[in-house]
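Hi everyone, thanks for making time. Let's go through the sheet, and then the aromatic rings.

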Amino acid sequence: NIPMRTWLHGKVDEEALKKSFQLMARRQSVLRTRFNLLEDGSFCQRIDAKIPGDFFESLSSTNHQEAIELAKQASTRPMDARHGVIRVTLIHVDSDTSLLVLVVHHAVSDGWSLGIIVRELWEFYNGLCEDKAPEELSLPHLPLQFVDYSYWQQELQKHHHYDNKLEYWRRELSSPAPVLGLSNAKTKAGNTAASTLAFYLIHEQVDALRALSRKNRTSLNVV
């Protein structure tokens, strides 16, 4: 799952928030998608008229720390794509403070997509809170949906568009991969402790890393 959590300050109109998600899903069909498992083991995408199931949950907490713990639970709870790909939890701390937790299935979203979801969500929510008419809440029509992209990819595959590319990679990967002298020692069972280290690079260092990645025909992530 891909979770996102954000604090909301001020009284939240739950009905407007819930309706905002439905309006956004009406525009973004991927958010009202389900994936059904067929008898042959493959998955079939089904797009509903609205977000399926009871996707919205409202909870109460007594303090910020309890709200954070509830948010962690909501973020890590498994999601069954057969019943929907989006889940929303609104955790109230007091009359002016709430914590919004949005969880989207990784099959239909990524980190970049979350920015679009949040931007459109507040566009609809602010409009509803300002009592705008339905036609005033409409964002520009999307000429293509993700399902159109999937169909395009399937058509390319059906007409053997990728045959040359597959053959190229079969040749490239036909030789044994080089062996790296890395330790294969395993960590102790149950030891999953980790931390995050933040650091900054000056422009010259970034340029040097980009040059190195280009030289080795790879990405900055690998470098």
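The four strands here form an open sheet in the order β1-β6-β5-β4, with mixed pairing; strands are DSSP E runs of at least two residues, helices are H or I runs of at least four, both numbered from the N terminus, and two strands pair if DSSP finds at least two bridges between them. At the edges sit β1 (2–9) and β4 (56–60), each pairing on one side only. From one strand to the next, the twist averages 15 degrees. Helix α2, residues 64–76, packs on this sheet and touches β1, β4, β5 and β6, where contact means heavy atoms within 4.5 Å. The direction of α2 makes about 10 degrees with that of β6; axes are lines fitted to C-alpha atoms, for helices over the stretch in contact, and angles run from 0 to 180 degrees between N-to-C directions.

A word on provenance: this is a predicted model, where local features need pLDDT of at least 70, side-chain atom pairs count only at pLDDT 80 or more, and totals for chains, interfaces and linings use all residues. Residues are numbered from 1 along each chain as its sequence is written, and side-chain values use heavy atoms, leaving out hydrogens and water.

Now the rings: there are six aromatic pairs, meaning Phe, Tyr or Trp (six-membered) ring centres within 6.5 Å, with planes under 30 degrees apart stacked, over 60 edge-to-face and the rest tilted. One of them, Y149 with W152, is tilted, at 5.7 Å centre to centre and 50 degrees between the planes. Those two residues are three apart in helix α4 (residues 146–158), so about one helical turn separates them.
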